[in-house]
Amino acid sequence: MRIGDLSNRHPGRSPEAHPQPPPWRRDPARAAAAVVALTVDGEAIEAAAGQSLAVALALAGRLLLRHSPTAHTPRGMFCLMGSCQECVVHVDGAAVLACLEPVRVGMQVELDRLDRERAEP
Amino acid sequence: MSAYDVIVLGGGPAGMQAAITAREHGLRVAVVDEGGRPGGQIYRAPSDPVRPADLAANADLARGERLRAALDASGADVLTRHRAWAAAPGMRVDCIAPGGPVSLGAAALVLATGTTERVIPMPGVTLPGVIGLAAATILLKAHGVTPGGPTVVAGVGPLLYAVAAGIRKAGGEVAAIVDLLHPADWAAALPGLASRPDLLARGVRWVAGLRAAGVPVHHRATVTAIHGEAFVQAVEIAPVAADWSAAPGAPRRAIPAASVVIGHGLVPATEFARLLGVPHRYVAAQGGWVPDRAPDGRAADGVYIAGDCAGISGAAAAEFAGALAGLAVARDLGALKPARYAELSGPVRQALARAERFGSAISRLMALRPGLARSIAPDTIVCRCEDIPRAAIDSVVAAGARQMNQLKSATRCGMGPCQGRSCADAAAEIMAADAGVPREQVGAWTARAPLRPLPLEAALGSFSYADIPRPPLLPA
């Protein structure tokens, strides 16, 4: 892909172009937890209290979190422990690592914001 | 700036024990950890309530809960969700906390920062749906969550079987295990592994359960590519030689998959020790660069290092190393008389030596062999942050570069937000192989603060523009 090519930037946003991957699931044998409601790009999702945002997003089918800044390849959570910095998303306007951010009621999550800003300057 | 006797960086097994021990001798202790609760990776705290049945079924969980309770009861300040980004002699530690920047001061610092996982890249490793083996243990232990669809579990070490068994137990699907090691490698490690019959038996149970379930295990094989547009669709594997190189002509086999869990061993997390100027040696069998330190953990004035960040030897050994460092700090700060220190530390040292037998056997099994990085294809992305392919590293070495810092300034490899934690090992292996020199000769990237990305206001601190002195205006 040519650098700066804006086509095919958001495969996660056009489900008809890319079939959704099979769902990630929570072990039904685990203890139940309170439900936390949040929004991702304006869409309501539910998470379990105590979950990290990265895990809540994966369970909601949002594996694609951003694109790499140079080659614009799709990226998702990878190390889950705050090292690789791949899972950066925006929460209420601020960049955070989704793997270290606990879910909170009403948090507004935005995916791929930097890439979108580059696409729509 | 709050003042402590000792700051412990990292709340895993080494850090928790160092803190508990230092508190036993009356020291004022802070434990700093990025996570929401102490525990580290092996003793990772679950995100949901622990039930008695969970404790009975899971020895690591039970041990973690005991250590967390002891740490809570110790009176140490446990600063979770504190991301340390700098340390300086004195000792001073700067963190980002949920409420903003925090600076801590102490007479001594215990580094118990654990490890980062090594992932030697192949095409497609950056796709969403590919996660590290250690990441999968967090998913399973903390959240009880399994990756979606058929999952290939690949790489090296006991985590392969732990994760595969865990995914199946939690209701997920394991498409295949791809193990770089041959069964003979595991057999050769048996004398060391037999020093912990309980852990050996647990491993045997994992393997037997997977075999009974018909999960295919490909030994002495590697993942050569992960296919998919925006998500994983298939994994390509190939047999490897004893040095883990995949012969270009060797037959490839495609496995349909929707998720990949992959890890090629553990690397000591030495960034804080390097930032503090502690000298390091390269010891492949211990995971890579390891800090020079005394047997009690002391590495420099006020700096103590314990657990896997000083060389991979596992959680059990890390606990004893942490306790030993806690005793050494208490001795050096005058809270423990030398005779009493000798009395208390003797049994801990013996226990550490026993625990290290098992941990070292595992660490030697996982030690990186040279063929894996040599087999990386030219267009494979090595530096995930900056999208630097292997070919860029090759060309810099061809132009005469022989040092990791030269590679960094020439290509931006290792200069992105992760500061090279994800790619340093692969990049150094490629440089060394291309240049035909031993791995240690290419060196390591200079550690520089901030060791984690931080908001600008955290580095600036709070100030008012009105307080900034301004030169008087020039006369009109």
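This is a predicted model: local features need pLDDT of at least 70, side-chain atom pairs count only at pLDDT 80 or more; totals for chains, interfaces and linings use all residues.

Reader: What makes B:Y161 and B:W186 an aromatic pair?

Author: Their ring centres are 6.0 Å apart. The limit for a pair is 6.5 Å, so they count. Their planes make 80 degrees. Over 60 counts as edge-to-face, so that is the name this pair gets.

Reader: Which parts of chain B does the pair tie together?

Author: B:Y161 belongs to helix α5, residues 159-169, and B:W186 to helix α6, residues 183-188. The two parts are 25 residues apart in sequence, so the pair links them across that stretch. Both B:Y161 and B:W186 are buried.

Reader: Why is the pair B:Y282 and B:W289 called edge-to-face?

Author: The planes of B:Y282 and B:W289 stand at 75 degrees, so the pair is edge-to-face. The centres lie 5.4 Å apart. B:Y282 and B:W289 are buried.

Reader: How do you know that the charged end of B:R384 sits over the ring of A:F78?

Author: The charged end of B:R384 is 3.9 Å from the ring centre of A:F78. The cut-off is 6 Å, with a limit of 35 degrees from the ring normal. B:R384 is therefore listed over that ring. In chain B, B:R331 lies over the face of B:Y341, 4.4 Å from the ring centre.

Reader: What is the strand order in the open sheet of chain B?

Author: The 5 strands run β8-β16-β10-β11-β12, with parallel pairing. From one strand to the next, the twist averages 20 degrees.

Reader: Why do β8 and β12 of chain B stand at the edges?

Author: β8 (130-132) and β12 (217-219) each have a single partner strand, so one side of each has no neighbour in the sheet.

Reader: How do you know that β10 and β16 of chain B pair?

Author: There are 5 bridges between β10 (residues 150-155) and β16 (residues 259-263). At least two are needed, so they pair. B:V153 stands opposite B:V261.

Reader: What joins β8(B) to β16(B)?

Author: 3 bridges join them, and the two strands run parallel. B:V130 stands opposite B:V260 there.

Reader: Why is β16(B) called largely enclosed?

Author: 5 of its 5 residues are buried, so the rest of the structure largely encloses β16(B). Both faces are covered. B:S259, B:V261 and B:G263 are on one side, B:V260 and B:I262 on the other.

Reader: Which helices pack on the sheet?

Author: Helix α4 (residues 133-143) of chain B touches β8, β10 and β16, and its direction makes about 90 degrees with that of β8(B). Helix α5(B) touches β10, β11, β12 and β16 of chain B. The direction of α5(B) makes about 175 degrees with that of β11(B).

Reader: Which residues have the most contacts inside the largest nonpolar core?

Author: They are A:L53 and A:V89, in a core of 120 residues. Helix α4(B) gives the most to this core, with 8 residues. Beyond its neighbours within four places in sequence, A:V89 is in contact with residues including A:L53, A:L57, A:L65 and A:V109. Another core lies apart, with 36 residues. B:M16, B:L67, B:A325 and B:V348 are among them.

Reader: How do you know that B:A325 is buried?

Author: The relative accessible area of B:A325 is 0%. Buried means under 20%, so B:A325 qualifies. B:A325 lies in helix α10 (residues 314-332) of chain B. Leaving aside residues within four places in sequence, B:A325 is in contact with B:V110, B:D296, B:Y304 and B:A306.

Reader: What makes B:T222 buried?

Author: The relative accessible area of B:T222 is 7%. That is under 20%, so B:T222 is buried. B:T222 is found in strand β13 (residues 221-227) of chain B. Not counting residues up to four places away in sequence, B:T222 touches B:V178, B:L180 and B:L372, among others.

Technical notes:
Residues are numbered from 1 along each chain as its sequence is written. Chains are lettered from A and ligands numbered from 1 in the order in which they are written. Side-chain values use heavy atoms; hydrogens and water are left out. Rings of Phe, Tyr and Trp (its six-membered ring) pair if their centres lie within 6.5 Å; planes under 30 degrees apart count as stacked, over 60 as edge-to-face and the rest as tilted. Helices (H or I, at least four residues) and strands (E, at least two) are DSSP runs, numbered from the N terminus. Buried means under 20% relative accessible area, exposed over 50%, partly exposed in between (1.4 Å probe, protein chains only). Axes are lines fitted to C-alpha atoms, for helices over the stretch in contact, and angles run from 0 to 180 degrees between N-to-C directions. Contact means heavy atoms within 4.5 Å. A nonpolar core is a set of buried Ala, Val, Leu, Ile, Met, Phe, Trp, Tyr and Cys residues joined through side-chain atoms within 4.5 Å.
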